[in-house]
Amino acid sequence: MKLYDKLIENNKNWVAQKLSLDPNYFSNLAKGQSPPVLWIGCADSRVPANEIIGAQPGEVFVQRNIANMVVHTDMNMLSVLDYAVNALKVKHVIVCGHYGCGGVKAAMQNESIGLIDNWLRHIKDVYRLHKDELDGINDEKERFNRFVEVNVKEQVFDLAKTSIVQNAWHNNQELYLHGWVYGLESGLIKDLGVNVSNDNELDKVYQLNF
């Protein structure tokens, strides 16, 4: 219980710190949110979305799952995406993976872990799509890092194919999709250069060489 009690105490200290800087901090925050960004990231505890990009509460709408996947049957992800795009009118959706991702690493192995095997199936499909390139990389860490990158890119393209994003673009809504990878060892974000919007011709976008 010591850890639990410490968490509550930390919260009180955090509130006191915020109020000392701005007595109206929480009352202003409670008035509503209008974040310009939706972050779809990994559930890994080492990748806190707001903190690594220097954003404040209210500036980033966040959805996290194992290995930052965009699965079209995931109602949690779709509900978050729908609310972000249609209610909050975010302008940027970022899929952010990270090097050293346990979910991606597990998908590279031929071992059964348990219930998560069903989720890893989607990541294994990404490997299948890029098998020739990935199998051609002899260094295991380099192959792992590349798998992380191509997984993020595939999730961006899957995001572009959702009815939510397609409808937003059909209605000429300003909406941009991006793919990033965060480096745990450096703290730096790598922009993978996969930036998709309704300005792109999607049939060409899906044929990008990456």
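Start with E185, which counts as exposed at 76% relative accessibility. This is a predicted model, and E185 is a handy way into its charged contacts, since E185 forms a salt bridge with K141. In total, the structure holds ten salt bridges, while the count of disulfides comes to zero. Here is a short tour, topic by topic.

**A salt bridge across the sequence**

- In the pair K141 and E185, the closest N and O atoms are 3.8 Å apart.
- K141 belongs to helix 8 (residues 140-160), whereas E185 sits in the loop between strand 4 (176-182) and strand 5 (189-197), so this contact ties together parts that are 44 residues apart in sequence.

- D135 pairs with K131 in another salt bridge, and here the closest N and O atoms are 2.6 Å apart.
- Both residues are found in helix 7 (residues 131-135), where they lie four residues apart, about one turn of the helix.
- How accessible are the two partners? D135 is partly exposed, with 39% relative accessibility, and K131 is also partly exposed, with a relative accessible area of 43%.

**A salt bridge with a buried partner**

- The side chains of R46 and D44 meet in a salt bridge as well, with 2.7 Å from N to O.
- Is D44 buried or exposed? D44 counts as buried because its relative accessibility of 16% falls under the 20% cut-off.

**A linked network**

- Salt bridges can also join up: E133, R146, E149 and K190 are linked in a network of them.

- A disulfide is a covalent bond between the sulfur atoms of two cysteines.
- The count here is zero disulfides, and C42 is in none: the nearest cysteine sulfur, that of C101, is 4.1 Å away. The cut-off for a disulfide is 2.5 Å, so a sulfur pair must lie within that distance to count.
- C42 is buried, with a relative accessible area of 6%.
- C96 is in no disulfide either, and the nearest cysteine sulfur to C96 belongs to C42, 9.4 Å away.
- C96 is buried too, with a relative accessible area of 1%.

**A nonpolar patch on the surface**

- Which residues form a nonpolar patch on the surface? They are M1, Y4 and I8, and together they have about 380 Å² of accessible area.
- One of them, Y4, lies in helix 1 (residues 2-21).

Note on methods
Residues numbered from 1 in each chain as written. Predicted model: local features only at pLDDT ≥ 70, side-chain atom pairs only at ≥ 80, totals over all residues. Heavy atoms only, no water. Patch = residues over 30% accessible without salt bridge, like charges linked within 9 Å, V, L, I, M, F, W, Y side chains within 5 Å. Areas by Shrake-Rupley, 256 points an atom, 1.4 Å probe, with all protein chains shown as cover. Salt bridge = Lys/Arg side-chain N within 4 Å of Asp/Glu carboxyl O. Helix = DSSP H or I, 4+ residues; strand = E, 2+ residues; numbered from the N terminus. Buried < 20%, exposed > 50% of the residue type's maximum accessible area, 1.4 Å probe, protein only.
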